[in-house]
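Please look over the sequence and the fold that follow, and keep both at hand while reading.

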Amino acid sequence: MKEIKLEQWDKNVFEAIGKQWMLVTAGGDDKANTMTASWGGLGVLWGKNVAYVFIRPQRYTKEFVDLSDTFSLSFLGEKYREKLQYLGKVSGRTEDKIESSGLTLIRDGDTPYFEEAENVLICKKLYAQELMPECFITDKEDETWYPNGDYHTMYVAEIQKLLTK
């Protein structure tokens with residue numbers, strides 16, 4: 001993979017995140033975990049190019065993101081759809097789902113990502129905040145997405161690198 005400037009990325013982020021999905025991956029030298037995500041975005045905040053992702057408290061990957069300074073967002077091609085579905089359904093608590101997926105975990109410094117990815121964002125955490133029910137402007141989103149009260153934590157991270165094939 002080679003590093004390119006973020007401004008050179010020709011991806012439609014609405015398609016890449018919302019329809020093609022991404023893998024959120026974090027971990028140390030000894031262990032990493034990943035999860036499939038279709039919520040998040042890219043933008044500019046605090047004078048920096050940022051990514052923001054949302055992780056529910058019960059997700060095992062959240063523990064890895066919380067303990068790491070960085071995480072990656074890996075965007076794989078459509079031929080990996082079944083693997084993305086699998087990685088979104090199976091918990092890394094109960095099995096080594098990365099190994100079972102057949103994908104290859106590699107690192108950029110301390111940050112794990114997938115060799116099979118077409119594009120990878122290496123992100124450094126800046127901010128984390130649990131969503132709160134009292135902050136919803138209308139009740140619809142709270143009632144629709146959080147009937148069990150398992151509110152996502154939103155992570156805002158500076159995009160440090162864009163790697164592409």
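Helices (H or I, at least four residues) and strands (E, at least two) are DSSP runs that are numbered from the N terminus. This is a predicted model, in which local features need pLDDT of at least 70 and side-chain atom pairs count only at pLDDT 80 or more, whereas totals for chains, interfaces and linings use all residues. Residues are numbered from 1 along each chain as its sequence is written, and side-chain values use heavy atoms, with hydrogens and water left out.

With a relative accessible area of 33%, G28 is partly exposed. Although G28 and E3 are 25 residues apart along the chain, their C-alpha atoms are separated by 22 Å.

The surface can be read next through its patches. These are made of residues with over 30% relative accessible area and no salt bridge, like charges being joined within 9 Å and nonpolar side chains (Val, Leu, Ile, Met, Phe, Trp, Tyr) within 5 Å. The areas themselves come from the Shrake-Rupley method with a 1.4 Å probe, and for residues only the protein chains shown count as cover. For charge, Lys and Arg count as positive and Asp and Glu as negative, while His and the chain ends are not counted; the place of a charge is taken as NZ of Lys, CZ of Arg, CG of Asp or CD of Glu.

On these terms, D29, D30, D69 and D110 gather in a surface patch of negative charge. One of these residues, D110, is placed in the loop between strand 7 (105–108) and strand 8 (111–114), and D110 counts as exposed because its relative accessibility is 59%.

A nonpolar surface patch of about 370 Å² is formed by L45, W46, L126 and Y127. Y127 and K97 are 30 residues apart in sequence, and their C-alpha atoms are 28 Å apart in space. As for W46, its place is in the loop between strand 4 (40–45) and strand 5.

Charged side chains also meet in pairs. A salt bridge is taken as a side-chain nitrogen of Lys or Arg within 4 Å of a carboxyl oxygen of Asp or Glu, and by this rule the count comes to eight salt bridges. In one of them E158 pairs with K48, the closest N and O atoms being 3.9 Å apart. Since E158 lies in strand 10 (residues 153–164) and K48 in strand 5 (residues 48–55), the pair ties together parts that are 110 residues apart in sequence. E158 is partly exposed at 24% relative accessibility, and K48 is partly exposed with a relative accessible area of 31%.

Another salt bridge joins the side chains of D150 and R56 at 2.9 Å, N to O. This pair links distant parts of the chain, for D150 is in the loop between helix 5 (139–145) and strand 10, R56 is in the loop between strand 5 and helix 2 (60–67), and the two are 94 residues apart. D150 counts as buried at 14% relative accessibility, and R56 is buried with a relative accessible area of 18%.

The side chains of R81 and E78 meet in a further salt bridge (3.1 Å, N to O). Here R81 is buried, with a relative accessible area of 16%, whereas E78 is exposed at 53%. E78 lies in the loop between strand 6 (70–75) and helix 3 (81–89); E78 and K5 are 73 residues apart in sequence and 24 Å apart in space, C-alpha to C-alpha.

How many disulfides does a search of the whole structure find? With a disulfide taken as a pair of cysteine sulfur atoms within 2.5 Å, the search finds zero. Among the cysteines, C123 is buried at 0% relative accessibility, whereas C135 is partly exposed at 48%.

Finally, the backbone deserves attention. Most residues other than glycine have a negative phi. W21, in the loop between helix 1 (13–18) and strand 2, has a positive phi near 75 degrees, and W46, which is not a glycine, has a positive phi of about 55 degrees.

Methods. Buried < 20%, exposed > 50% of the residue type's maximum accessible area, 1.4 Å probe, protein only.
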